[in-house]
Amino acid sequence: MSNDTMPLRAKAAGSAGASPLVGRDAALRTFDDVVEAAHAGEFQFLAVVGEPGVGKTRLLAELTGLTGRYGLTTLRGRAAEFEQIMPFSALIDALDDHLEARAETVQRLGVPQQRLLATVFPALAARIPGAEPDENADRSGIVRLQLYRAVRKLVDELAQPHGLALILDDVHWADPASAEFLDHLVRHAPRGRVLVAVAYRPAQAPPRVAALVGTAGGHQITVDPLNSAEVAELLGPGVNRARGRALYEASGGNPFYLEALSRMEVDELPASARAVLQVELDALPPGSLRLAQAAAVTGDEFEPALVAVAAEASEPELLDGLDDLVARDILRPAGTGRFQFRHPLVRQAAYEYAEAGWRLGAHARLAAQLADAGAPATVQAHHVERSSSFGDTRAVTTLVTAARAVADHAPETGAHWLRKALDLIAVEPETLEYRLELLMELCRAEGVSGRLADGRDTARELLRLLPAGQHARRARAARICALMERQLDRPLEARALLLDELNRMPNPRAAAAIPLRMRLVAESLMRVDFRAAQAVLDLMPDSDDGWEPGLAVAVAALRAMPAYAGGRMADAVRRADNAERVLDAAPDAHLAEWLDAIAWLCWTGTCLGRYPTALRNFERAAGVARSTGQTYVLTNLLAGKGRTLIALGRLPEAMDIIDESVEGARLLQSGQQLVFALTQLCLALAWSGEHEAALRAGQEAVAAVGGSSEVWSYMGRNALGVALVLAGRLDEGVDALVETCADFDNPRLDRATLLATCELLAQAESARGRHAEAGQWAGRAAALDYPELPVFAGLVPLARAHVVHAEDPGAAAALAEDAAVRLRAGQRSLDAGRALLLAGLAHKAAGRSGQARERLREATETFQACGARALEAQAVRERRRLGDRVPAPAAAGQGDAPFGLSPRELQVAKLVVQGLTNQRIAEELSLSVRTVETHLSRAFTKLGVDSRVGVAIKLARDE
């Protein structure tokens with residue numbers, strides 16, 4: 001560090017304003033540490049927390065000066081109390097002007113990212129073509145993830161080359177989209193010199209904001225009131241001891257109120273904080289007071305012309321009033337031609353001091369002015385919702401237009417404006433259809449934004465308004481409501497709702513009843529009551545002349561899973577064949593309404609081992625889910641696709657998909673969907689060899705299970721058991737696995753998972769020296785076998801190989817090799833590698849070193865292709881014990897790459913030598929971080945090192 005930057009704390013003191021900074025030495029020391037770490041290249045997150053007026057904003061001003069002296073680009077923004085529903089308001093305040101001046105920064109991003117950013121930042125909207133809404137765009141909640149990634153990438157670009165400090169004040173008022181983005185940002189930290197600092201009031205902060213420090217592992221500064229000695233120091237020697245004591249007692253040590261009180265030339269000080277500001281406002285001339293109130297209505301930062309409209313003031317009155325308010329330090333200049341209040345508390349007081357009727361009129365005048373000027377509906381909506389009256393059709397149109405404009409990237413704001421619009425519409429016959437249309441939109445917005453309870457209530461409102469005789473529409477609304485209840489982990493309520501609506505129908509076998517029956521089938525399958533599911537399906541025809549397009553596809557899609565769950569494998573295969581034919585012939589438009597049923601067919605394909613078909617169906621259904629906004633289905637589809645990729649041994653690819661599923665489930669705030677996603681993440685990490693991360697994912701899944709006994713809860717517990725076994729914690733792992741599959745008369749796991757669990761238990765028990773128990777699990781695996789299906793092929797001989805390995809390694813080798821052949825034929829690459837590894841170990845124990853080397857080599861190559869790093873390392877260790885030279889020769893096409901590194905592994909290794917972090921390498925090569933980690937782990941193995949320094953030394957020697 002240069003000498004110029006060493007005494008920064010001393011330089012900072014008093015730089016933010018006229019009054020000295022007192023009692024904040026500890027905070028300033030933390031600022032020094034955090035800014036220095038950010039300047040050195042570490043992402044830093046800082047929260048400044050305290051009650052209103054305690055000095056958070058002043059401390060952020062000190063931080064701004066400090067970051068500037070370190071050379072970081074410093075951008076400040078603030079959320080505002082009366083505009084807190086506006087999407088991304090704090091980020092726009094911080095970034096928009098800077099983006100207008102740094103067009104080249106945005107141009108470095110890809111065109112899709114630019115278009116996403118243009119939907120948020122006004123400075124980009126007019127410059128970037130194609131920024132208008134796309135009718136074919138992704139309508140699911142996942143589009144928010146894409147936007148958040150684009151903003152994170154923008155943060156990375158803005159940090160080049162000297163670093164970035166993003167400082168956001170009053171984030172307790174941040175809109176839901178801003179809070180959600182900050183949560184995403186700290187979970188997926190920028191790659192380099194970035195400091196994000198926020199300030200908020202703890203009592204008003206939403207849970208997501210309050211949890212940011214813990215999520216980020218950042219620093220929190222709690223700003224307390226000043227003590228009496230600090231107050232005396234702040235007041236200075238010009239205030240006598242008696243008045244100083246009175247000021248301290250009246251202010252409670254709060255610097256904001258202390259400053260306001262100290263200005264008052266009165267003998268009796270106000271008794272409350274609110275009274276302090278009221279006294280200050282009371283002292284204003286009437287014209288200045290009205291302008292202050294108009295400014296408070298206009299915005300957090302405002303242009304004088306709009307204040308004149310709100311106040312109905314002439315230009316001379318406006319200018320005189322502004323001069324007076326600035327002179328009295330009510331307002332302060334905020335840039336060219338703009339002003340803001342000296343503190344949000346002053347704006348709040350001015351707003352509340354105005355008469356309610358006058359405020360309504362001021363908002364109405366501003367709304368009219370903005371409409372005449374052609375301002376976007378999203379800008380008008382803030383004032384429209386505060387000034388509109390019942391039956392105001394223009395206001396309804398504005399609010400609906402604004403809601404639809406933000407529906408994709410800020411659905412919670414969209415839901416807010418839709419609800420406001422609905423509140424203005426009378427429940428009358430002539431408006432009923434429009435109201436029902438808006439209620440359907442509102443239900444979607446609430447579901448996508450994670451407000452599942454609100455979405456459920458909206459769906460129930462739909463049911464209340466729909467005429468009793470409109471059975472088809474009522475069935476659709478009831479089905480949506482049941483889906484919401486399901487996502488809220490309320491299966492009993494979902495089932496009761498469906499049965500109640502069915503009982504209302506005069507003909508429960510009519511076409512209108514089919515959607516309700518389909519949901520009942522799904523509810524039964526989730527409860528693992530496949531007999532009940534089959535009983536309902538038996539009452540349903542395959543098609544009917546009165547059915548709408550797509551319904552026959554949905555019914556066919558549901559039929560295979562109950563047959564599979566009931567052990568009727570031939571019937572399950574026949575049903576799956578038929579469903580896939582029907583699905584392939586149907587256009588996407590016929591699938592959108594029935595994706596929750598289509599998902600069952602996708603999962604059945606994976607359970608049956610029809611992996612290529614299952615992948616194709618998952619991908620197609622996910623595409624439809626994205627385009628129609630069905631996040632609650634999309635997260636499930638992505639989890640299923642990830643599970644299929646795990647079975648195929650495509651672990652890095654699986655983790656990329658599963659990461660998206662986990663993030664989508666978090667946005668959705670559904671415990672069930674989060675467990676589905678975390679279960680697959682736990683398995684992918686465990687088989688990849690990332691044991692600690694796998695255990696964390698598994699433990700989070702089990703914690704989210706709660707008291708559920710449905711299929712997804714057992715899947716989560718089973719995944720944690722797998723992770724424990726693979727991490728070497730055999731006792732705990734065996735106990736966890738046995739708990740999930742002990743009841744074979746009423747199994748809670750699907751047949752393929754149950755068989756795989758038995759095989760793993762045979763391995764674990766054999767490793768613990770409990771050969772009798774291992775034999776029992778191998779026997780149970782055999783009882784579950786269905787040789788005609790590839791998903792089962794190979795696991796039974798592999799289980800038997802574990803059992804006989806210790807006593808008869810020759811027989812174990814033969815069984816393991818047979819298992820490997822069968823597993824390869826079934827495309828279960830990872831399990832085939834495990835069988836080859838066991839075959840190699842068995843050949844070694846039998847004294848057949850040549851065959852052992854060959855099987856271990858094959859196992860190494862298989863694990864390497866899968867991304868199973870721990871298993872690959874185990875195979876390499878066994879080969880070295882046999883005297884093999886590892887790494888293996890480079891594969892064809894790798895040229896002269898040293899040490900057998902693949903081109904990509906060499907590329908990653910060279911970037912490591914340059915000092916780039918895994919995050920930075922991922923950005924440079926357009927890979928996921930976990931894919932980079934996979935390549936790096938393989939490079940470690942091939943180079944025979946265990947650190948990044950070792951990579952540099954090895955490559956330097958080769959050169």
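Predicted model: local features only at pLDDT ≥ 70, side-chain atom pairs only at ≥ 80, totals over all residues.
Q: How many aromatic pairs does the structure hold, and what is the angle between the planes of F88 and Y148?
A: The structure holds seven aromatic pairs. One of them joins F88 and Y148, whose ring centres lie 6.4 Å apart in an edge-to-face arrangement. Planes count as edge-to-face when they are over 60 degrees apart, and for F88 and Y148 the angle is 70°.

Q: How many residues apart are F88 and Y148?
A: F88 belongs to the loop between β2 (73-78) and α4 (89-101), whereas Y148 belongs to helix α8 (residues 142-158). Their pair therefore links distant parts of the chain, and the separation is 60 residues.

Q: Do F88 and Y148 count as buried or exposed, and which residue forms one aromatic cluster with them?
A: A residue is buried when its relative accessible area is under 20%. F88 counts as buried because its relative accessibility is 2%, and Y148 counts as buried because its relative accessibility is 1%. The residue that forms one aromatic cluster with F88 and Y148 is F181.

Q: How far from the ring centre of W777 does R780 lie?
A: The charged end of R717 sits over the ring of Y714, 5.3 Å from the centre of that ring. R780 lies over the face of W777, and its distance from the ring centre is 4.8 Å.

Q: Where on helix α13 are the buried residues, and what arc do they cover?
A: In helix α13 (residues 241-251), the buried residues are G244, L247 and S251. They lie on the same side of α13, because around the axis they cover an arc of only 65°.

Q: Which residue caps the N-terminal end of α13?
A: Just after α13, G252 takes a positive phi of about 65°. At the N-terminal end of α13, a side-chain oxygen lies 3.2 Å from the backbone nitrogen of A242, and the residue that provides this cap is N240.

Q: How many residues of helix α14 are buried, and which are they?
A: At the start of α14, a side-chain oxygen of N254 reaches to within 3.0 Å of the backbone nitrogen of F256. Helix α14 (residues 255-262) is mostly covered, with six of its eight residues buried. The buried residues are P255, F256, Y257, L258, A260 and L261.

Note on methods. Residues numbered from 1 in each chain as written. Heavy atoms only, no water. Phe/Tyr/Trp six-rings, centres within 6.5 Å; stacked < 30°, edge-to-face > 60°. Helix = DSSP H or I, 4+ residues; strand = E, 2+ residues; numbered from the N terminus. Buried < 20%, exposed > 50% of the residue type's maximum accessible area, 1.4 Å probe, protein only. Lys NZ or Arg CZ within 6 Å of the ring centre and 35° of its normal. Polar contact = N/O pair within 3.5 Å; in protein donor to acceptor, adjacent residues only side chain to side chain. Arc of directions from axis to C-beta.
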